[in-house]
Amino acid sequence: MNRTAREAVGLIAQRELTMRLRSRAFRITLVLMVLMVVGMNIALHLAHNSGPSIIRIGLLRQDTALSAPLQAADRNVAAVTVPDLASGQSDVRKGTLAAFVRSGPDGLAVTVAKTLDPTLGGALTTVARERALAAQIIRLGGDPVLVARAAGAATVHVTSLQPPAPARDQQRLIFGIVVRLLLYLTFMICGPLIAQGVVEEKSSRVVELLLATVRPWQLMVGKVLGTGALGLLQIVVVGGAGLISARLARTLTLPLSGSLGTLAWSLAWFLAGFALFSLLFAAAGSLVSRQEDLSGVQFPVLAPIIIAWVLGISTLPGHPDSGLVAALSMVPFFAPVLMPMRIALGTAPVWQAFTALGLTLLLAFLMVRLASRIYRNSVLRSGARVTWREALRAA
Amino acid sequence: MGHRRLEVDGVSKRYGETVALDAMTFDVHAGEIFGFVGSNGAGKTTTMRIALGVLAADAGEVRWDGAPVTHRTRNRIGYMPEERGLYPRMRAGEQLEYLARLHGLSRSEASRATRQWTERLGVASRIGDEVQKLSLGNQQRVQLAAALVHDPEILVLDEPFSGLDPVAVDVMSQVLRDKADAGVPVIFSSHQLELVERLCDRVGIVRSGAMVACGAVGELRSGGAERILVDAPQAPPGWAAGLPGVTVVGDATGPTLLELAPGADDQAVLRAALATGPVREFARRLPSLTDLFRHVVSNEHTEHTEHVEDTGGTAA
């Protein structure tokens, strides 16, 4: 690329980026994606740390001794003292208490509004049994505390004959899925944006004015780079928001170095995948003159991305070692989506990861020529849709 | 500077079986306005697109100042495509600056040129508006500004006057004249032949992808057969029919228009006219550009007829 070509490509990319950044649609999408990742972290935070909400139960003053064993049985139980039976019952009716508990002759008596919460029921049963057991131990002349300690000390020793599979904990899985979702969405947003941008130039006919001063490949590469920068910006903003909120919400406690590795791979795969697909989207866009015709021509480009995503997201969480996914993750058109999923799960050997990346980049490199040819042959042909075959053949 | 020329030399282009251009040849000198006329589909747009490098020619060459036009030269051409187009959602001013910079201007030059041309063309107050929100007339002005904003050395304008209101036509004509006076070769196509006749130094008439007549307007007009308008009110119909070398072009009402074959004696015509009674007017008439154009188009028609029916004979 000589100086003027670089300048032209730079100007085109810059225009593409500024115009996209200014569009309402892009801003709204970005805000929604940030809200989505932050919201997910908040939801996970609540689900993990506070678990089920606090169960408030009422106890009479003489039963306050029940509070400690109840909390031991279920740490979400909070006991409050109520002055008498009537106020306990009315608090349950009003809903300020989940249950009102009294010790009775044969264990515990519980008053609830409709049905007893099963968790609370379990805790109350445990406490009632412990109390009956303790009473029997005392009657037999034993010490309930000693019995409880002995029971607590008994453990089960496990000897496994085969080494356990590497731990694939929940966090790692979710982190991998979120990163992939982000990249998938970026492909699915930026690819069609490129195609739309090409069609916009065709349908507004500004392309002839542009081609009087820049070459078709410069226009195509400029658009692709500008939109790529936009996609990268989107990933950095949304990914950063996700990472920071995950740290703050303590939903991601994996060592940061591990996350950075996943992120670095994701970035590499984003760039490789983008290089491969973006040019095809540009070529697809150049075939038609109206936005309405776009969905038909860009479907063949979208299809492998969607297939890879659906296959990966439905198969990998249950079967991380799926042979089909492993094989497809080596095929360039599927690799940009599937391989980083396997890398995030830790099931892809390093050689496979690098081989797939190499193959994808090689195909992307070949695609530059092919896409340039299609683009050059069809970008000035307005009117009816140009077929892929015509675009490839025409000189 | 005045000796530089834009030469279109033997440029041919075919689309499958259709011949769009057949050895199209002409040149435009620096400082000259060249009008490019012809029926729809005659090859004007194709010629301009090839000159701009938007299309590739099958054969032939376009040269500027003796050297083949390259990508670098094209950056110095101002182009107005027949298919008007600007980014609909981009602000007019930004768009002009962007186009100027694509042509190699620096940021400050681009913004200065944008201001200058939008002021000159009367759209300065609109530079902050998106192009799609401008009226059609203002969009046309911005489109012209887009062709001028990088201070081109050559102007190639495809139908620049179509869709313009009379005021804008005057502004545009003045701009083209000023550009030509500054030493820029200006080539434009148009169907408004009176305008071409008034504005152009030279005219080229294209038919079926080839130049059929090319020259100064006066030269072309006088190059045709000599015509004489005779107003002899008392002359009976057909009074001039028998004169040697004279063809009656029109005598439906009032004055008779005669076409004289080379060497025909106009004085004999005058005597014949005087013989019928008083002669109020006896004047040489040059055919208008419209007449020349019609002649070219009707020739094309005749050729077709001859080709298909093989009748030969009477040419209209």
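Modeller: Take B:Asn75. Beyond its neighbours within four places in sequence, B:Asn75 is in contact (heavy atoms within 4.5 Å) with A:Thr213, B:Leu102, B:His103 and B:His150. This is a predicted model, where local features need pLDDT of at least 70, side-chain atom pairs count only at pLDDT 80 or more, and totals for chains, interfaces and linings use all residues. Residues are numbered from 1 along each chain as its sequence is written, chains are lettered from A and ligands numbered from 1 in the order written, and side-chain values use heavy atoms, without hydrogens and water.

Colleague: Where is B:Asn75 placed in chain B?

Modeller: B:Asn75 lies in the loop between helix 2 (71-74) and strand 6 (77-80) of chain B. Helices (H or I, at least four residues) and strands (E, at least two) are DSSP runs, numbered from the N terminus.

Colleague: Does B:Asn75 count as buried or exposed?

Modeller: Buried means under 20% relative accessible area, exposed over 50%, partly exposed in between (1.4 Å probe, protein chains only). B:Asn75 has 16% relative accessibility, so it counts as buried. Its side chain also joins that of A:Thr213 in a polar contact of 2.5 Å. A polar contact is a pair of N or O atoms within 3.5 Å; within protein, one must be able to donate a hydrogen and the other to accept it, and residues adjacent in sequence count only if both atoms are side-chain atoms.

Colleague: How is the size of an interface given?

Modeller: Often as the accessible area lost when the parts come together. Here, buried area is the accessible area (1.4 Å probe) that two parts lose on being put together, summed over both. Between chain A and chain B about 2400 Å² is buried, and carbon and sulfur atoms give 59% of that area. A:Glu208, A:Leu209 and A:Thr213 supply 27% of the area that chain A buries against chain B, more than any other three residues. The contact takes 24 residues from chain A and 27 residues from chain B.

Colleague: How many salt bridges are there between chain A and chain B?

Modeller: A salt bridge is a side-chain nitrogen of Lys or Arg within 4 Å of a carboxyl oxygen of Asp or Glu. Between chain A and chain B the count is two. One joins A:Arg22 and B:Glu94, with the closest N and O atoms 2.6 Å apart. Helix 1 of chain A gives the most to the side that touches chain B, with eight residues.

Colleague: Which salt bridges does B:Glu7 form?

Modeller: B:Glu7 pairs with B:Arg5 at 3.0 Å, N to O. B:Arg63 also bridges to B:Glu7, with the closest N and O atoms 3.5 Å apart. B:Arg5 has 29% relative accessibility, so it counts as partly exposed.

Colleague: And how do I read the two sides of a helix?

Modeller: An α-helix has 3.6 residues a turn, so residues three or four places apart point the same way. In helix 4 (residues 85-94) of chain A, A:Gly88, A:Asp91 and A:Val92 are buried. They cover an arc of only 100° around the axis, so they sit on the same side of this helix. The arc is that of the directions from the helix axis to the C-beta atoms. On the other side, A:Ala86, A:Arg93 and A:Lys94 are exposed.

Colleague: What do the buried residues of helix 4 of chain A pack against?

Modeller: They pack against strand 2 (77-82), strand 3 (99-104) and strand 4 (107-112) of chain A.
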